[in-house]
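Me: Could you take a close look at one helix for me, and walk me through its surroundings?

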Amino acid sequence: MSKRKALSISESQLREMINILVKNPSDFFLSGQCRRYLALDRWKSGGRYLRIHEELDEGVMPGAVEHNRKELERDDFGSYTRTLRLINPLKSLDPVYGGAPNMAVLTIGPRTEMEIFHLIGVGFSPSNITALDLISSSPLIDTGDMHNLPYPDRSFQVVISSWVIGYSSSPQRAVDEMIRVCADGGLVAIGATYEPTLGRGVINKRESDSDINGSMFGSVSEFTDMIGDKLNYICFQQEPVGEQKGAVMLIARIKH
Ligand SMILES: C[S@@+](CC[C@H](N)C(=O)[O-])C[C@H]1O[C@@H](n2cnc3c(N)ncnc32)[C@H](O)[C@@H]1O
């Protein structure tokens with residue numbers, strides 16, 4: 001049997017690595033725990049900033065605002081690792097791999113600053129990041145609705161919707177909007193969890209005002225069908241095997 005290998009790091013090596021991080025502070029945002037710490041601390045020390053988008057489109061799933069607002073109000077910032085599911089593969093793609101600092105990116109439904117920090121961590125410039133949510137928990141996040149994005153046509157090279165599309169009862173309209181604001185040759189990234197017991201399509205089996213079931217997608221083809229003839233190339237995809245719970249994710253290059 002082979003001997004277990006141990007990795008030991010000396011105190012001076014640790015100190016030097018901390019110095020490296022201090023000189024390159026955006027690298028702190030590669031740590032989910034640092035993203036969560038800073039976002040939560042800024043939220044609490046900033047007086048729990050909260051703005052709600054007033055003009056809800058009919059595509060907004062009933063309960064979407066109440067559900068997300070309740071979670072924020074109990075300081076629940078949710079998962080700090082989930083954003084890596086789309087952001088990690090996105091970062092590996094051209095032109096993001098080398099060109100992120102100069103690319104305009106829109107993140108729809110970040111909920112907290114954690115997702116913005118993550119984008120900074122992988123190289124996007126803070127000034128090129130736009131974030132929009134029905135519920136804004138930060139001045140860095142515009143209030144707005146994914147069914148009616150307040151941005152000009154073709155204004156972003158990357159558009160991300162990370163675990164948001166499920167909150168729509170008109171997902172086609174949400175996808176049409178993502179494509180409209182995406183540049184020719186730009187990338188659209190969509191992720192959601194498939195829960196087979198809830199079925200597929202638009203689902204609304206709410207038992208209370210804070211419940212939300214939303215729409216369910218079990219396969220990547222349900223996303224590509226919505227993109228239709230604007231799909232240029234599938235850069236990254238994943239879907240559950242068979243009828244199992246799991247992530248459905250797509251990063252697609254868009255053509256106009
Ligand atoms: C589950 S959180 C996703 C947080 C983060 N993106 C992630 O991947 O962990 C869903 C977010 O989408 C937002 N949202 C839901 N419907 C929306 C809509 N119509 N327009 C914009 N944001 C919406 C919610 O307010 C919430 O902040």
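Reply:

Happy to. Of the 256 residues in the protein chain, 36% count as buried (20 or more other C-beta atoms within 10 Å of the residue's own; exposed means 12 or fewer, partly exposed lies in between, and C-beta atoms are placed from the backbone). This is a predicted model, where local features need pLDDT of at least 70, side-chain atom pairs count only at pLDDT 80 or more, and totals for chains, interfaces and linings use all residues. Residues are numbered from 1 along each chain as its sequence is written.

The protein chain has 8 helices and 11 strands (DSSP runs numbered from the N terminus: helices are H or I with at least four residues, strands E with at least two). Helix α4 covers residues 84–92, and its buried residues are L86, I87 and L90. Viewed down the axis of α4, these buried residues fall within an arc of 95 degrees, so they line one face of the helix (the arc is that of the directions from the helix axis to the C-beta atoms). An α-helix has 3.6 residues a turn, so residues three or four places apart point the same way. On the face of α4 turned away from the buried side sit the exposed residues N88 and S92.

What does the buried side meet? The buried residues of α4 pack against helices α5 (96–99) and α6 (113–121), and against strands β6 (156–162), β7 (182–194) and β11 (246–254). Contact here means C-beta atoms, placed from the backbone, within 7 Å. Across the protein chain, among contacts between residues at least 6 apart in sequence, 71% join residues at least 24 apart.

Notes
Contact = placed C-beta atoms within 7 Å.
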